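Dear colleague,

Please find below the structure I am handing over to you. My findings follow it.

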Amino acid sequence: MRVLVPQPDLAEADLICSDPSDYRPETTAVFRDYAGSDRAELVRETYRLMHTSQCVAFVEEKHQKWCRFNHTEMTVMEALDELNRLVDDSDPDVDVPNIVHAFQAAEQLRKHHPDKDWMHLTGLIHDLGKVMALWGEPQWAVVGDTFPVGCQPDPSIVFAEQFADNPDANTPAYQTKHGIYSPHIGLDNVTMSWGHDEYLYQVLKHNQSTLPKEALGAIRYHSFYPWHTSGAYTHLANEHDAAMLPWVKELNKFDLYSKADELPDIEALKPYYQGLIDKFCPGVLKW
């Protein structure tokens, strides 16, 4: 039997994020270079398939398929080990297995936020939803930047011109600024493109993870670059989203810039992170 230990709400003092300018690795590397990357052709094609296929009906279908949580049962560490077989086709920066990136991000969060163990675990698991790609889901429905469906695509979305061939382009109700949503409805009420962010968020909620709401929000929207980096879609966001945004940005910062760091000794680090898994999302989860 699983015994869930409720975690108290974070105190106001705990909600202070460090200045986003504080952490930058000493590197001359350029990240998210979609033109100059050696992987540019693969990345562009992944986004083309995403932007021409992810419509309202498609996303609804994926929610029905994956949110039944009847695919398999496994622990968080077992899911992490699965990521050793995955290289993200949407990432122009790296071509290493995703488990390496997971521990890179987690260790940098641990270094810069030593008192926030929930952030260490958030960094470790933020991409776990990508296991869908190992279970038959095409990568364009798993990886990459996310965006709302049911409203006009924002020009800040990478390769935004590709949306001209999306089925929803022929539905006038989906092609206005607000689309099917009312102003400031809140991102929790907006249907996002289907991917690993949403899937992991739903898995954690279903399995009653005790990670704080800041962690869950950061996981759910860490790939929503048009919002957290470009400032788009604020007309759909509400006050709750504004409160969560610093945490989304904080995770994203370590998600992105930790790619330049040395490769971690994964086996040596596993015992520490297993302790965090046991604390916040223990046992066998339904996926």
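**Findings around helix α10**

The charged end of R110 is placed over the ring of Y272, at 3.7 Å from the ring centre. Please note that this is a predicted model.

Y272 is also the residue at which α10 bends, by about 35°.

**Aromatic pairs**

The model holds 14 aromatic pairs. One of them joins W118 and W247, whose rings are 5.2 Å apart centre to centre with 55° between the planes, a tilted arrangement. Because W118 belongs to helix α5 and W247 to helix α9 (residues 239-257), this pair ties together parts that are 129 residues apart in sequence. Both partners count as buried: W118 has a relative accessibility of 8%, and W247 has one of 3%.

A further pair is formed by Y272 and Y273; the ring centres are 4.9 Å apart and the planes stand at 85°, so the pair is edge-to-face. Here Y272 is partly exposed, with a relative accessible area of 28%, whereas Y273 is buried at 0% relative accessibility.

**Backbone**

Most residues other than glycine have a negative phi. F69 is not a glycine, yet its phi is positive, at about 55°. F69 lies in the loop between α2 (56-66) and β1 (73-74), and its relative accessibility of 9% means that it counts as buried. H184, likewise not a glycine, has a positive phi near 55°; its place is in the loop between α5 (117-125) and α6 (196-206).

**The protein as a whole**

The protein has 10 helices and two strands, which follow one another along the sequence as α-α-β-α-α-α-α-α-α-α-α-β. Of its 287 residues, 53% are buried. Among contacts with a separation of 6 or more, 82% are between residues 24 or more positions apart. The accessible surface comes to about 12,900 Å², and carbon and sulfur atoms account for 50% of this area.

With kind regards

How values were computed
Residues numbered from 1 in each chain as written. Predicted model: local features only at pLDDT ≥ 70, side-chain atom pairs only at ≥ 80, totals over all residues. Heavy atoms only, no water. Helix = DSSP H or I, 4+ residues; strand = E, 2+ residues; numbered from the N terminus. Buried < 20%, exposed > 50% of the residue type's maximum accessible area, 1.4 Å probe, protein only. Bend = angle between axes of the 7 residues up to and from the residue. Contact = heavy atoms within 4.5 Å. Areas by Shrake-Rupley, 256 points an atom, 1.4 Å probe, with all protein chains shown as cover. Phe/Tyr/Trp six-rings, centres within 6.5 Å; stacked < 30°, edge-to-face > 60°. Lys NZ or Arg CZ within 6 Å of the ring centre and 35° of its normal.
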